[in-house]
Amino acid sequence: MAIRTQESLSGFIASDPQLTYTERGDARFYARYGQENFQREEDGTFTKLEPSFGNLVLYRATAERAFERFTKGDQFVAEGYAHDYTYERDGQRIAGEEFVAKKIGHDTARTRYDVDRTPRQALERQAAGQAFEPPQHHQATPAADSLSM
């Protein structure tokens, strides 16, 4: 069986995320992202260079969830594809590029966080006022519970 892969992008959220809606009513997350750059020197050390920046977009439910969870400065890893586009402004044709993320998450190598493993359907039932009994899980050791670097 072949391994299915897509383009990936890692970086940091460089601007305050925005949530808008397309003409069709689909949610659209937009933020500028940054990527740190380094140059390896002859002596084996690295020199930090200026970061590079680009546009990050997500659509529909993924956009809404990302808007709830990401803020300026967050480190992320995303899966998706690069999309070239053009638009017209003041009679001039302008070309641009954006990364369209289908999936996004915080970078576990650079972010501390807690994981809520409650199934999404259970959360929806709770919001609707229906009772839900979560599955029983064995407690992990404290060292395995926290991820940080």
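Q: Quick one before we start: what does buried mean here, and what does exposed mean?
A: Buried stands for under 20% relative accessible area and exposed for over 50%, with partly exposed in between, using a 1.4 Å probe and protein chains only.

Q: Okay, and how much of the protein counts as buried?
A: Of its 149 residues, 23% count as buried.

Q: What should I keep in mind about the model itself?
A: This is a predicted model, in which local features need pLDDT of at least 70 and side-chain atom pairs count only at pLDDT 80 or more, while totals for chains, interfaces and linings use all residues. Residues are numbered from 1 along each chain as its sequence is written, and side-chain values use heavy atoms, with hydrogens and water left out.

Q: How many helices and strands are there, and in what pattern?
A: The protein has 3 helices and 6 strands, taken as DSSP runs numbered from the N terminus (helices are H or I with at least four residues, strands are E with at least two). Along the sequence they follow β-β-β-β-α-β-β-α-α.

Q: Which strands does β1 pair with?
A: Strand β1 (residues 7-13) pairs with β5 (residues 75-89) in the antiparallel sense over 6 bridges, and β1 also pairs with β3 (residues 27-40), again antiparallel, over 2 bridges. Two strands pair here if DSSP finds at least two bridges between them.

Q: Where does Phe12 come into that?
A: Phe12 has Gln75 as its bridge partner in β5, and in β3 Phe12 stands opposite Gly34.

Q: And β2, what does it do with β3?
A: Strand β2 (residues 18-21) is joined to β3 by 4 bridges, the two running antiparallel, and Leu19 stands opposite Phe29 in β3. The two strands form a hairpin with 5 residues between them, and Gly25 in the turn has a positive phi of about 90°.

Q: What about Ala78, buried or exposed?
A: Ala78, in strand β5, is buried, because its relative accessible area is 3%. Beyond its neighbours within four places in sequence, Ala78 has contacts that include Glu7, Ser8 and Leu9, as well as Phe99 and Ile104.

Q: Changing topic, how much space lies in the largest pocket?
A: About 610 Å³ lies in the largest pocket. On a 1 Å grid over the protein atoms alone, a pocket is an open set of points where a 1.4 Å probe fits, with protein on both sides within 12 Å along at least five of seven lines, and lining residues have an atom within 4 Å of a point. Grid points are joined across faces, edges and corners, and the volume is the space filled by probe spheres set on the points.

Q: Which residues are closest to its centre?
A: Of the 19 residues that line the largest pocket, the closest to its centre are Arg65, Arg69, Ile104, Asp116 and Arg120. The elements giving two or more residues to the lining are α1 (60-69), β6 (92-106) and α2 (120-127), and the largest share, 5 residues, comes from α1.

Technical notes: Contact = heavy atoms within 4.5 Å.
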